[in-house]
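Visitor: I would like to go through the pockets of this model and then its ligand. Could we begin with the structure on screen?

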Amino acid sequence: MAVSKFHPCEAIVEAWNAGQRIFGENRPQELEKKMKELPEEIVKGAEFHFLGHLQTNKLKMVLPYVKMVQSIDTVHLLEEVDKWCVKNGKVMDVLLEMHIGAEETKQGFYEEEILDIMFNAARYKGVRICGLMGMASHTDNEETIAADFQRIRNHFDYVRDLFPENKDFKELSIGMSEDYRIALKYGATFIRVGSKIFGPRVY
Ligand SMILES: *Cc1c(COP(=O)(O)O)cnc(C)c1O
């Protein structure tokens, strides 16, 4: 996936013309604005995934446009996305964000919380739980990063084995510009690459 956050529509068009089809965005306002500005061919033809922190009062700025929300990090958010989708006749692909990195990033679920959600997955009619997403520790130490990816991979395998009837649970979204090569060794099915494709972001 090409993470186009903070880059203008022209960058997305250029990537589209080069054959890129999956894009990641992380801010509701920016996503909504881009959907209005991009050529219809891209809005309809590309897949947009949401990766950022999502407040429940901003669902309507995001959910109409995306194929997948990769950053489900609370049960409350999962339930609100589910409700919105049921109401709007949509079924949304989602990933559960797992807390794997250093302690300072509090985002994401722990292993037990993911299991609790999976035991209750049948109650959600508006979402398909397609797998896990994680961000490794922000460090140059490759062993630390590998240990983070090993942890999420282990839990991914564990959940898959525990719920074999859940055929949607098959995506493991790990790896960014600086660590995607390591992530691929741990079975990433999505890597989320921003700056290595589009250059540095200007905040
Ligand atoms: C910004 C972002 C990325 C891409 O980061 P790069 O280091 O530029 O590749 C990947 N995943 C998430 C969740 C992000 O917010």
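Visitor: What is the volume of the second largest pocket?

Guide: In this predicted model, the second largest pocket has a volume of about 220 Å³. Its lining consists of 13 residues, and those closest to its centre are A121, A122, I129, N166 and D168.

Visitor: Which strand gives the most to the lining of that second largest pocket?

Guide: That is strand β6, residues 127-134, which contributes three residues to the lining.

Visitor: And how does the lining of the second largest pocket divide by class?

Guide: Eight of the lining residues are nonpolar, one is polar and four are charged.

Visitor: Let us change topic. What is the volume of the largest pocket?

Guide: The volume of the largest pocket is about 830 Å³. It is lined by 31 residues, of which M135, A136, H138, M176 and R192 are the closest to its centre.

Visitor: How many residues of each class are in the lining of the largest pocket?

Guide: The lining has 10 nonpolar, 13 polar and eight charged residues.

Visitor: Where is the ligand, in terms of pockets?

Guide: The space that the ligand takes up is the largest pocket.

Visitor: Which residues surround the ligand?

Guide: The surrounding residues are V3, K5, L51, M135, M176, S177, R192, V193, G194, S195 and R201. This shell comprises five nonpolar, three polar and three charged residues.

Visitor: What lies 2.8 Å from a nitrogen atom of the ligand?

Guide: A polar atom in the side chain of R192 lies at that distance from the ligand nitrogen.

Visitor: And which residues lie at 2.7 Å or 2.8 Å from an oxygen atom of the ligand?

Guide: R201 places a side-chain N or O atom 2.7 Å from a ligand oxygen. For S195, a backbone N or O atom is 2.8 Å from an oxygen atom of the ligand.

Visitor: How much of the area that the ligand exposes alone does the protein bury?

Guide: The ligand taken alone exposes 390 Å², and the protein buries 92% of that area.

Note on methods: Residues numbered from 1 in each chain as written. Predicted model: local features only at pLDDT ≥ 70, side-chain atom pairs only at ≥ 80, totals over all residues. Heavy atoms only, no water. Near = heavy atom within 4 Å. Polar contact = N/O pair within 3.5 Å; in protein donor to acceptor, adjacent residues only side chain to side chain. Areas by Shrake-Rupley, 256 points an atom, 1.4 Å probe, with all protein chains shown as cover. 1 Å grid on protein atoms, 1.4 Å probe; cavity = no way out; pocket = protein on both sides within 12 Å on 5 of 7 lines; lining within 4 Å. Sits in = over half its atoms within 2 Å of the grid points. Nonpolar A, V, L, I, M, F, W, Y, C, P; charged D, E, K, R; others polar. Points joined across faces, edges and corners; volume = space filled by probe spheres on them. Helix = DSSP H or I, 4+ residues; strand = E, 2+ residues; numbered from the N terminus.
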